[in-house]
Amino acid sequence: MKGKYRFKMPGFLLMVILILADRISKYLASSILKDNDPFVIIKGVFELQYLENRGAAFGVLEGKQVFFIVLTVLIAFFCIWFFIRLPHERHFYFMELIIILLLSGAFGNFIDRVFNGYVVDFFYFSLIDFPIFNVADIYVTMAEAGLIIAVFFVYKGEDFKDIFTHSSKL
């Protein structure tokens, strides 16, 4: 591997590890929790409860699996393109981490949608009756929070000017 692609390999490796962690957690949830009562961790606060989510976050757009698959592919192509074009400099490590988290979460749920027709969710905060979610959702939420921080506090428009012009070299 030449040049900057070699420096992107740790990011892709981290993505694979995160996706595997999500897949293992969903496998365990399916194996242990499916068709069983919720497993209470802290009574009245937090439990593990199996759910087959056929929608997006919080069950919105239920049954629109083709839409989610197409949307995930489009977002993934853009994120991978952007990730590869990011300069390998300390200043952009935070943005690389954001993209890795976003892609890991997107691919984790994408795999469920393609092979199962639903996403396995299992974390439930009963104290606040928060919708049931999974590890991939945590990655996406962390990426979204990181992106907000990045946009408002870390990066300026000129940091990315070469990425969206033809002057950037791969």
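Helices (H or I, at least four residues) and strands (E, at least two) are DSSP runs, numbered from the N terminus. The model examined here is predicted.

**Exercise 1.** Determine how many helices and strands the protein chain has, and in what order the elements run.

*Solution.* Step one is the count: the chain contains four helices and three strands. Step two is the order: read from the N terminus, the elements follow the pattern α-β-β-α-α-β-α.

**Exercise 2.** Describe the extent and surface of the protein chain.

*Solution.* The C-alpha trace spans about 55 × 30 × 30 Å along its principal axes. The accessible surface of the chain is about 10,500 Å², and 70% of this belongs to carbon and sulfur atoms. Of the 170 residues, 38% are buried.

**Exercise 3.** Identify the residues that touch the most other members of the largest nonpolar core, and the elements that give two or more residues to this core.

*Solution.* The core has 32 residues, and those touching the most other members are Phe 82, Leu 86, Met 95, Ile 99, Phe 122, Phe 123 and Phe 160. Two or more core residues come from each of helix H1 (3-33), strand S2 (46-53), helix H2 (65-85), helix H3 (93-116), strand S3 (119-125) and helix H4 (135-154). H3 supplies the largest share, six residues.

**Exercise 4.** State which residues Phe 122 touches, not counting residues up to four places away in sequence.

*Solution.* With that exclusion applied, the contacts of Phe 122 include Ser 25, Lys 26, Ala 29 and Leu 33. Also among them are Glu 47, Leu 48 and Gln 49, as well as Ile 132, Phe 133, Asn 134 and Val 135.

Terms used: Residues are numbered from 1 along each chain as its sequence is written. This is a predicted model: local features need pLDDT of at least 70, side-chain atom pairs count only at pLDDT 80 or more; totals for chains, interfaces and linings use all residues. Side-chain values use heavy atoms; hydrogens and water are left out. A nonpolar core is a set of buried Ala, Val, Leu, Ile, Met, Phe, Trp, Tyr and Cys residues joined through side-chain atoms within 4.5 Å. Buried means under 20% relative accessible area, exposed over 50%, partly exposed in between (1.4 Å probe, protein chains only). Contact means heavy atoms within 4.5 Å. Accessible areas come from the Shrake-Rupley method with a 1.4 Å probe; for residues, only the protein chains shown count as cover.
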